[in-house]
Amino acid sequence: MYPTRIQTISVFDLILPLRRPYSVSGGRVQVDRMQSVIVRIDTECGLSGWGESCPFGSAYLPAFAAGIHAGIAELAPRLLGEDPLHPEQLSHIMDGQLSGHDYVKSALDMACWDLLGQHTGLPLYALLGGRFSKGVDMMGVCPNDRPEAMAAAIDELRSIGYRCFSPKVGGDVALDIARIRAILDRIGPGETIVIDANRAWRPDEAVRIMNAVADDPRPCFEQPCETLDQCLSVRRLTRQPIIVDEAVLSFVDLLRVQSEHIAEGINIKLGRVGGLTKARRMRDFCVATGMCMNIEETGGTLIASTAAVHLAVATPPRWRLATSDNTRLHDVIPASGGYVFEQGQGIPPQMPGLGIQPDLQILGAPTARYS
Ligand code: MG
């Protein structure tokens, strides 16, 4: 049935206790649970679309779970009655109603894409560009720890099937050099490694650390410093590829990264940039201008990660690095279906839309409902 309109928006809260407390950015960001917000959009023709936005705690990005609730309360009345099958238009409407706060819009945008997929009978990857491969490389992550413990964590991740690793560093210079050396000793042929400082280094620290390990061509370095200006100063004094993550919040930031040659790659997190619509726009720009990408989510469950896997598999492999696997940090699985983890790869479902079926018993009653 067409046309269709948004009839109800329901919001669910989900606490995700982490298997182990997680420390990044040299201990500046410490998280023992994630607070996820899951959204269901019901249409008058009977379809339900699902989305998720999950900041990684409240100190990782300018985003927090209570902010998502407040933002959705601001946006929902404007979205009721709109056609969810036009995600670009919905994204434009949301920007007109609420400036910034893209992490709020991500879950709503994702639910619209899910509806578009269900309505057309196509999996999301088909709507986002096609299927360039069976699956995408998933990224195994390990938090700040002692050098030998981080090296052991790489071995453990490999035993699960990962071939791409993102160890989190960010301490004093000597400690981080020791960590990186210990980790690089464990990296084998065909494996890729991204050393992620999560903004922890001052520019002078980043330069010293990166130059101390410059004899090894394998690692990329992610978000060495807080700001794009600081990353640019590091770019000028080092040689390894740099990937920017937290400092890119909008397309304008990405434009600057590319035009000023601040980095060779970007980490596109759906929740950070405003959902699939804006992430796809960034992805297309990166393909057109020659930047490599991690395509992933900030946090969350199978729902959010499946959306990221759909966009990643719809991206030409030449430009694609890997997709972080947040679902392995906790044991909450609030949906069936979704992407399958197989030998280090994430394989998207072929069902229409996201390809997930939420478990209403796990989600519980909605904490807010707009109709
Ligand atoms: Mg990162």
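**Close-up 1. Asparagine 198 sits in the loop between E6 and helix H7 (203–212).** Helices (H or I, at least four residues) and strands (E, at least two) are DSSP runs, numbered from the N terminus. This is a predicted model, in which local features need pLDDT of at least 70, side-chain atom pairs count only at pLDDT 80 or more, and totals for chains, interfaces and linings use all residues. Residues are numbered from 1 along each chain as its sequence is written, and side-chain values use heavy atoms, with hydrogens and water left out. Look at the backbone here: phi of asparagine 198 is near 50 degrees, a positive value in a residue other than glycine. Most residues other than glycine have a negative phi. With a relative accessible area of 3%, asparagine 198 is buried (buried means under 20% relative accessible area, exposed over 50%, partly exposed in between, with a 1.4 Å probe and protein chains only).

**Close-up 2. Serine 25 also has a positive phi, of about 60 degrees, although it is not a glycine.** You will find serine 25 in the loop between strand E1 (6–24) and strand E2 (29–43). Serine 25 is buried, at a relative accessible area of 5%.

**Close-up 3. The magnesium ion has Asp196 (OD), Glu222 (OE) and Asp245 (OD) as its protein donors.** These donors lie 2.1 to 2.3 Å from the ion. Donors are N, O and S atoms within 2.8 Å of the metal (3.2 Å for Na, K and Ca), and because water is not among the atoms, sites may look incomplete. Along the chain, the donors follow the spacing D-x25-E-x22-D. Aspartate 196 lies in strand E6 (residues 192–196), and aspartate 245 in the loop between strand E8 (242–244) and helix H9 (251–259), so the pair ties together parts that are 49 residues apart in sequence. Aspartate 196 counts as buried at 1% relative accessibility, and aspartate 245 counts as buried at 1% as well.

**Close-up 4. Helix H2 (residues 87–97) packs with helix H3 (residues 102–120) at an angle of about 155 degrees.** Their axes are 10 Å apart; axes are lines fitted to C-alpha atoms, for helices over the stretch in contact, and angles run from 0 to 180 degrees between N-to-C directions.
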